[in-house]
Amino acid sequence: MLMLYLCAEDGKRMRLVQGKFGLFYRCPGYFGKPPCYGRLALGAAELIAQMADRLQEQGELDGAVLHLQKCDVRLRKRSDTLCEAVIRRKGAGIRKVPQVYGKQDCDNDV
């Protein structure tokens, strides 16, 4: 079965990219303003595909929710050969704004 991995934050299809330690899926919104930090490890993607195959055999694929260690996955069956996995990272419900480092206003500045 062909799996499409979608970012739950903005609904875009994740792309397979080369990282520092290997391949992973990343949301194309990473370069946006503010950036989207949606990502999925290659091992987790393989696990999701295996679980989707088992659920399809049982007839319970469409609408199934998988709770993994770092993300929640909602599966949507599009056809007998195509399935979408919507990835929502745990703790990623709100896009993080980078901290501003540097001089801050405070009462004890000289």
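This is a predicted model: local features need pLDDT of at least 70, side-chain atom pairs count only at pLDDT 80 or more; totals for chains, interfaces and linings use all residues.
Select Lys77: its relative accessibility is 32%, so this residue counts as partly exposed. Residues are numbered from 1 along each chain as its sequence is written, and side-chain values use heavy atoms, with hydrogens and water left out.

**Salt bridges**

The term covers a side-chain nitrogen of Lys or Arg within 4 Å of a carboxyl oxygen of Asp or Glu. Asp80 is exposed, at a relative accessible area of 59%. Elsewhere, salt bridges with shared partners join Arg76, Arg78 and Glu84 into one network.

Show Arg76 with Glu84. Their closest N and O atoms are 3.6 Å apart, in a salt bridge. Is each partner buried or exposed, or in between? Glu84 counts as buried at 13% relative accessibility. Arg76 is partly exposed, with a relative accessible area of 31%.

Next, pick Arg88 and Glu9. Their side chains meet in a salt bridge at 3.3 Å, N to O. This pair links distant parts of the chain: Arg88 sits in strand β7, Glu9 in the loop between β1 and β2 (15-18), and 79 residues separate them. Strands here are DSSP runs (E, at least two residues) and helices are DSSP runs (H or I, at least four), numbered from the N terminus. Arg88 is partly exposed, with a relative accessible area of 38%. Glu9 also counts as partly exposed, at 26% relative accessibility. By the salt-bridge rule, the count comes to 5.

**Helix α1**

Now select residues 42-58, helix α1. Its 17 residues should span 24 Å at 1.5 Å a residue, and the end C-alpha atoms, 25 Å apart, agree with that. The expected span is 1.5 Å times one less than the number of residues.

Which residues of α1 are buried? Color Ala45, Ile48, Ala52 and Leu55. Look down the axis: the buried residues of α1 fall within an arc of 85 degrees, so they line one face of the helix. The arc is that of the directions from the helix axis to the C-beta atoms.

Bring up the strands. The buried residues of α1 pack against β1 (2-7), β3, β4, β5 (65-67), β6 (71-77) and β7 (82-89). Contact means heavy atoms within 4.5 Å. Then turn to the other side of α1, where Arg54, Glu57 and Gln58 are exposed.

Stop at Gln50, also in helix α1. Gln50 is partly exposed, with a relative accessible area of 45%. Draw a C-alpha to C-alpha distance from Gln50 to Met1: 9.4 Å in space, for 49 residues in sequence. Past the helix comes Gly59, with a positive phi near 80 degrees.

**A nonpolar patch**

Select Tyr30, Phe31 and Tyr37, which make a nonpolar patch of about 330 Å². Patch residues have over 30% relative accessible area and no salt bridge; like charges are joined within 9 Å, nonpolar side chains (Val, Leu, Ile, Met, Phe, Trp, Tyr) within 5 Å. Areas come from the Shrake-Rupley method with a 1.4 Å probe; for residues, only the protein chains shown count as cover.

Zoom in on Tyr37, in the loop between β3 (23-26) and β4 (39-41). At 35% relative accessibility, Tyr37 counts as partly exposed.

Definitions and conventions
Buried means under 20% relative accessible area, exposed over 50%, partly exposed in between (1.4 Å probe, protein chains only).
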